[in-house]
Amino acid sequence: MQSYELFQSGTRGWFFSPNRGLTGAKERPSKIESWKAFKALLNVGDKKAKVIADLAGIPDNSLSERHWPTLKRAYDGWPADRYAIFQSSGTGGDYLCNVFVGDVIYLAGKSRMRDGGKYYGAKEFYTGGVVPRCEQIEQRQSARGDIASWDFGNAKHMEIVTKVTREKGIFWDTNEFCSRGAGRAGGEQGLEKCGGGDRALDASNIKFFRLR
């Protein structure tokens, strides 16, 4: 989640993903045991060196042999099952709601990717008929694991449904859902959010989709 946040804010030009099939994916170097080995990567402009330097919190133009212990800890902290994805538009402020959803369904064995190694975007889901083996379902049919997609006018957003509540009350019924997502303008990346106007099952600006 932190790598999403840093990418979205423009602080870093990459984010972590479990999907090595994404374009721009850089895997953790198999072995770096010395400053000399790291410097060799750095000198050829290998983006893996950039990832390690960013994880160490050291600006590229300040790197020297004295930083090796910190760089080594950063290298050791790069999860072997995570790939650094360099996929920025170059303008900063790239929102990653589709990457979060894409990573979740990838881990669930239902990955959907465009030709060229990128996940489908929130607009493509909301429009419908674009994403393969993905169908819009009625709001009353939504369930855990479905994809919720919002229309906010100039922007679209998407998250994974984690819970649906349908309860008959004495004075009013409860029809709402919870979801997890990233690319949220107000932060709170990955946190579960429930209910309220934004997550009412009958909200006019929400569509639900199910992968087949």
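The following legends describe an overall view and close-up views of one predicted protein model.

The model is predicted, with local features requiring pLDDT of at least 70 and side-chain atom pairs counted only at pLDDT 80 or more, whereas totals for chains, interfaces and linings use all residues. Residues are numbered from 1 along each chain as its sequence is written, and side-chain values use heavy atoms, with hydrogens and water left out.

**Figure 1. Overall view of the protein chain.** The secondary structure comprises 6 helices and 11 strands; helices (H or I, at least four residues) and strands (E, at least two) are DSSP runs numbered from the N terminus. Along the principal axes, the C-alpha atoms fill a box of roughly 70 × 35 × 30 Å. Of the 212 residues, 44% count as buried, that is, under 20% relative accessible area with a 1.4 Å probe, protein chains only. The accessible surface, computed by the Shrake-Rupley method with a 1.4 Å probe, comes to about 11400 Å², and 46% of this surface belongs to carbon and sulfur atoms. Among contacts (heavy atoms within 4.5 Å) between residues at least 6 apart in sequence, 60% join residues at least 24 apart.

**Figure 2. Packing of helix α3 against helix α4.** Helix α3 spans residues 47-56 and helix α4 residues 68-77; their axes lie 8 Å apart at an angle of about 105°. Axes are lines fitted to C-alpha atoms, for helices over the stretch in contact, and angles run from 0 to 180 degrees between N-to-C directions. The two helices α3 and α4 are therefore roughly perpendicular to each other, a term covering 65 to 115 degrees. Ile52, Ala53, Leu55 and Ala56 of α3 meet Thr70, Leu71, Ala74 and Tyr75 of α4. The contact residues comprise 7 nonpolar, 1 polar and no charged; Ala, Val, Leu, Ile, Met, Phe, Trp, Tyr, Cys and Pro count as nonpolar, Asp, Glu, Lys and Arg as charged, and the others, Gly among them, as polar.

**Figure 3. Strand β11 and its pairing with β6 and β7****.** Strands pair if DSSP finds at least two bridges between them. Strand β6 (residues 134-137) and strand β11 (residues 206-211) are antiparallel and share 4 bridges, with isoleucine 137 partnering phenylalanine 208 of β11. Strand β7 (residues 147-151) also runs antiparallel to β11 and is joined to it by 4 bridges; here tryptophan 150 has isoleucine 206 of β11 as its bridge partner.

**Figure 4. Helix α5 and the glycine just after it****.** Helix α5 (residues 97-107) has 8 of its 11 residues buried, so it is largely enclosed by the rest of the structure. The buried residues are Cys97, Asn98, Val99, Phe100, Val101, Gly102, Asp103 and Ile105. Just after α5, glycine 109 adopts a positive phi of about 80°.

How values were computed: Angles under 35 degrees count as roughly parallel, over 145 as roughly antiparallel, 65 to 115 as roughly perpendicular and the rest as oblique. Buried means under 20% relative accessible area, exposed over 50%, partly exposed in between (1.4 Å probe, protein chains only).
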